[in-house]
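Reader: I should like to learn how to read the features of this entry one at a time. Please begin with the general idea in each case and then turn to the particular one.

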Amino acid sequence: MASATVVSKPLPTLPEGWSAEKDFKPIASVTTSTKRTIEPVGPHFLAHARRARHKRTFSEDDRIEAQNAAKKIEKDDDSDDSEPEDPMMLQREAKDWKSQDHYEVLGITKYRWKATEDQIKRAHRKKVLKHHPDKKAASGATEDDNFFKCIQKATDVLLDPVKRRQFDSVDEKADVEPPSKKEAQKNFYKTWGRVFKSESRFSKIQPVPQLGGENSTKEEVDVFYNFWYNFDSWRSFEYLDEDVPDDNENRDQKRHMERKNMNARKKKKAEDNARLRKLVDDCLAGDERIKRFKQEAHAAKNKKKFEREEAERKAKEEARLKKEAEEKAAKEAEEKAKTDREASKKAKEAAKTAVKKNKRILKGSVKDANYFAGSGDASAAQIDSVLGDVDIIQGKIDPDEIAALAGKLNGLKVADEIKSVWAEETKRLVDAGKLKDGEVKTLA
């Protein structure tokens, strides 16, 4: 045994001149005390409070709690949903146990071959508590114990792996019927998937490939159908054998019964293989994936031809689309040109109309000013002179300037104001060199 070695290590000496008063530096301070209420919690406190409340000792409390726990477990067992019992099933003869549905007798038909050993034991316990002859006798019932024997036989079969496998081999109530055409059309993969999932329980090879969905690959689909067309089932149908006599005196009859049972098994096996083969054939016939894969294979086989035809089709389509686009563009251009011509024509007509209107305003303004004759009537010569000057000015300015001048004159009624506007326009034109000085006499 190794021995411990004690090593002495002295503390480092303090620096010379160090003192707590001047060299010690606290980094924090202790807070003041606070009064708080502490609440006792936890399982041990609860156990203490329970013992104190009921005035129990430790041993009494442990015993009572154990009893409560046992009652809770029994209550949990009873809380499982129990299947209703068929009155006809309760009248079953014990000797006919071989034709009974063991799962129905124990009330676990919702589990059937998926039922665990624990579920079978719990179901047996519940049925025994309900149908035990002693319990019925205590309650005054006089029924026989045939059904109780059926319960015991069902439990014996289902808890024995070999016997249960033989019974599951012929349990037709666990089968899922294939869908009708109408059902398959609604949801092909879901309905057929349930069928093959049910049949997969008989496979010697696990796990079993599933049907999949519409997006499954060709390899996955091929694996599925190859597996089911070569399905290796463990079903032997021994459960349906006729009883073979055990007496050694009648050996010939015993051999005869054994051969008869063997032949019956082979026949049932062949019938089951044919049934399963038909299931796979029906499923394959309605599988849209197979049709799609065949179309894809056909398309791949004629890929060059398809590509050539597709190229020709695309070229024709592109030519057609190009021609349509050109025709459409030409039509749109023609319609646009027509629209532009009509718009231009309307604009010109509107401009001419506006110019005519504005010229009427110009001539109307001098008329409103009485041709600047004052209070008396203007003479014909004066009218001609004023209108002549108006025509000269109109001839020197463009439509926009005419519109501007008309805007200034529009609404004016006083002769001096009207003449002032004409005088300003005349001066502007003279200054701009568009009008010679003295060319206009009456409006200057």
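Reader: Which elements of the protein have the lowest and the highest mean pLDDT?

Author: Where pLDDT is low, the coordinates of a prediction should not be read in detail. This is a predicted model, and helix 7 (residues 133-138) has the lowest mean pLDDT among its elements, at 68. The highest mean, 94, belongs to helix 12 (residues 218-229). Over the protein the average pLDDT is 84, and 93% of the residues score at least 70.

Reader: At what angle do helix 15 and helix 17 pack, and how far apart are their axes?

Author: A packed pair of helices is described by the angle between the two axes and the distance separating them. For helix 15 (residues 303-368) and helix 17 (residues 399-409), the angle is about 45° and the axes are 9 Å apart. Helix 15 is therefore oblique to helix 17. The crossing of this pair is left-handed.

Reader: What angle and axis distance describe the packing of helix 11 and helix 13?

Author: Helix 11 (residues 188-199) packs against helix 13 at an angle of about 160°, and their axes are 12 Å apart. Because of that angle, helix 11 is roughly antiparallel to helix 13. Helix 11 and helix 13 also make a left-handed crossing.

Reader: Which residues lie nearest the centre of the largest pocket?

Author: Val170, Asp171, Glu172, Asp175 and Arg235 do, out of 24 lining residues. The volume of this pocket is about 530 Å³. Helix 13 (residues 251-286) gives the most to the lining, with five residues.

Reader: How many residues of each class does the lining of the largest pocket have?

Author: The lining has 14 charged, eight nonpolar and two polar residues.

Reader: Let us turn to the backbone. Which residues does a cis peptide bond join?

Author: The bond joins Gln206 and Pro207, with omega about 0°. Pro207 is in the loop between helix 11 and helix 12.

Reader: What is the phi of Arg112, and where is this residue found?

Author: Arg112 is not a glycine, yet its phi is positive, at about 50°. Arg112 is placed in the loop between helix 5 (102-106) and helix 6 (117-131).

Definitions and conventions:
Residues are numbered from 1 along each chain as its sequence is written. This is a predicted model: local features need pLDDT of at least 70, side-chain atom pairs count only at pLDDT 80 or more; totals for chains, interfaces and linings use all residues. Side-chain values use heavy atoms; hydrogens and water are left out. On a 1 Å grid over the protein atoms alone, a cavity is a set of points where a 1.4 Å probe fits but cannot get out, and a pocket is an open set with protein on both sides within 12 Å along at least five of seven lines; lining residues have an atom within 4 Å of a point. Grid points are joined across faces, edges and corners, and a volume is the space filled by probe spheres set on the points. Helices (H or I, at least four residues) and strands (E, at least two) are DSSP runs, numbered from the N terminus. Ala, Val, Leu, Ile, Met, Phe, Trp, Tyr, Cys and Pro count as nonpolar, Asp, Glu, Lys and Arg as charged, and the others, Gly among them, as polar. pLDDT is the predictor's confidence in each residue, from 0 to 100. Axes are lines fitted to C-alpha atoms, for helices over the stretch in contact, and angles run from 0 to 180 degrees between N-to-C directions. Angles under 35 degrees count as roughly parallel, over 145 as roughly antiparallel, 65 to 115 as roughly perpendicular and the rest as oblique. A crossing is left-handed if the near helix is turned anticlockwise from the far one by less than a right angle, and right-handed if clockwise.
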